[in-house]
Amino acid sequence: MTSATVEMQQWIRFTPLQRLARFAVFIVMAVAIGWALKTIEIIPEFLYDAPEQVVDMGQRMWPVDWAHFWPVVWPALVETMHMSAMATILGLLMGIPVGFLAARNATPFPWVNLIAKFILVATRSISTLIWALFFVAMFGPGPLAGALAIAFHSIGFIGKMFSEGVEEANRGSIEALQAAGATRMQQIIMGYWPQVLPTFWSVALFRWDINVRESAVLGLVGAGGIGMALNAAIDLIQWQRVALILFTIFIVVILIETVVTQIRKRVI
Amino acid sequence: MSVASLGDKSVVTRADFFAPSLGKRLAYVAVFAYLVYAAATLGLSLDRIEKGVGYGVRFLAGFFPPNFTETDIIPGLLESLQIAFLSSLIGTALAIPIAVLAARNLMPPWVSWLARLLIIFCRSFHPVIVAIIAVKAVGFGALAGIIALTFASIGFVGKLLSEAIEEISKKQIEAVRATGASFMNVIAYGVVPQVMNRFIGFIAYETDSNLRNSTMVGVVGAGGIGGTLFSAFQRFDYNFVAGIILCIIGLVMIGEVLQIYVKRVFR
């Protein structure tokens, strides 16, 4: 190759279409932000006032009302833990079948895949609070409504992770089972399930971690747990108790994250 | 059963390789017993389910036909969008320096621990809880929603970005350092090129998640469509509730599709 041809060849990282797409994304981002900044309704006095108000609230939270822990916060915390555990199990029970139905290789019917995918997206789009409103109307206030709300919301996440795990499964063992005349159910139990077992554990643990956080807010709409104690304390303007409950949530979330990380390291 | 004992036997069975472990079984039994106990505390009874399903059917029947005609939906959705965009912007802008400080391969341990503590703090509270506090601090409206979701964004982007920075190749950083680059130069030429694509993926994901949450924070008065939804719920205007929920699902689906598209562009 002569030096002339080397000069003429120019290395371009992206095709013009790729560059155009990237550019379009940045333009859309900039326009969206500009529009939001221009049209948002914020009362300026509230904004200037904010630091002062936050400091004031912080002062009222001190000293933390530790005596409140055993009579009120602890039972609520235990209820939250039960609620999130039940929600995780229920979510897995409902999400895994839908996940298998959404996986293209385990269920080779495109219309079934489509329906299952719609269920996954729809359950995920409706937030836990809205599910909770619905279940509180059905079963009355209490942890049952909370557990169901989190369970239904987590179908989407669990099912999505699962269908992805199933679609990545190795074809070899499935084909061996098919050659031996295994039914579809046997293929799922003996072929796919052992392959997605690691996915199962990681999804179960990850979702449990998320569910504990989620269950902390459901008390706002009467669905039980530590959120109810939080809501009561806020409504009664007992900031020292609010501080205690927030601190408790913080500690519990850190503990659970540590536990989940340790289990993941050892088991998976 | 150990491998050594296999030598004595003439037949090797499945049980030799998949020996049941007592500890594992005990753990399973314990988990199962706990679940039964937890289920018992929920107060589930057949009568309650029967009644509940009856209420649920009546409730769902009240949803039809969904009402989209009320004029509150569009402004509410737009405000949710504004909250989502601005909180993603501010949250990401704040998360970048925090993530750099939290990366253990760039910073001394005490700095990274402090930054990680801040990230954990932001992550551990659900956006709605932060929104309650923010509403008390700065009053009702979109500002409280932006503050709440900014918190969540710092936690989310901070965690993912600091992990992404920790996974980068050390060689390029050493090469840049060897030229006598300053710290900012190392960041700009050693770190940024390696994490940029993933970072944009995080932003897309984060904006999507903020969009979901921005439809929710209104329930506690922090602006957006959630407030409209909650007040419709409280006056038993279920047709309107159904209309709002369908709009939220539509918006979230659009957000999800856009997020996938943005990720594909920047792969």
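What share of the 268 residues of chain A count as buried? And which residues are buried in helix α10(A), the part I'd like to zoom in on?

Author: Happy to. First, a word on reading the model: residues are numbered from 1 along each chain as its sequence is written, while chains are lettered from A and ligands numbered from 1 in the order in which they are written. This is a predicted model, where local features need pLDDT of at least 70 and side-chain atom pairs count only at pLDDT 80 or more, though totals for chains, interfaces and linings use all residues.

To your first question: 39% of the 268 residues of chain A count as buried (buried takes 20 or more other C-beta atoms within 10 Å of a residue's own, exposed means 12 or fewer, partly exposed is in between, and C-beta atoms are placed from the backbone). Chain A has 11 helices and 0 strands (both are DSSP runs numbered from the N terminus: H or I over at least four residues for helices, E over at least two for strands). With a radius of gyration of 25 Å, well over the 18 Å from the globule rule for 268 residues, chain A is more spread out than a compact globule (the radius is taken over C-alpha atoms, and the rule is 2.2 Å times the number of residues to the power 0.38). Along the principal axes, its C-alpha atoms fill a box of roughly 75 × 65 × 40 Å.

Now for α10(A). This helix is mostly covered, with 8 of its 10 residues buried. The buried ones are I226(A), G227(A), M228(A), A229(A), L230(A), N231(A), A233(A) and I234(A). And what covers them? After the helix comes I237(A), with a positive phi near 55 degrees.

Let's stay with α4(A), which spans residues 69-102. Its axis comes within 7 Å of the axis of α10(A) (residues 226-235), and the two cross at roughly 140 degrees (axes are lines fitted to C-alpha atoms, for helices over the stretch in contact, with angles from 0 to 180 degrees between N-to-C directions). The two helices are therefore oblique to each other (under 35 degrees is roughly parallel, over 145 roughly antiparallel, 65 to 115 roughly perpendicular, and the rest oblique). On the α4(A) side, V72(A), V73(A), A76(A), L77(A) and T80(A) make the contact, while α10(A) brings I226(A), M228(A) and A229(A) (contact means C-beta atoms, placed from the backbone, within 7 Å). By class, that contact has 7 nonpolar, 1 polar and no charged residues (Ala, Val, Leu, Ile, Met, Phe, Trp, Tyr, Cys and Pro are nonpolar, Asp, Glu, Lys and Arg charged, and the others, Gly among them, polar).

Stepping back to the two chains, their contact takes 48 residues from chain A and 47 residues from chain B. Several elements of chain A give two or more residues to it, including α4 and α11, but the largest share, 8 residues, comes from α2(A). The side of chain A that touches chain B divides into 38 nonpolar, 6 polar and 4 charged residues.
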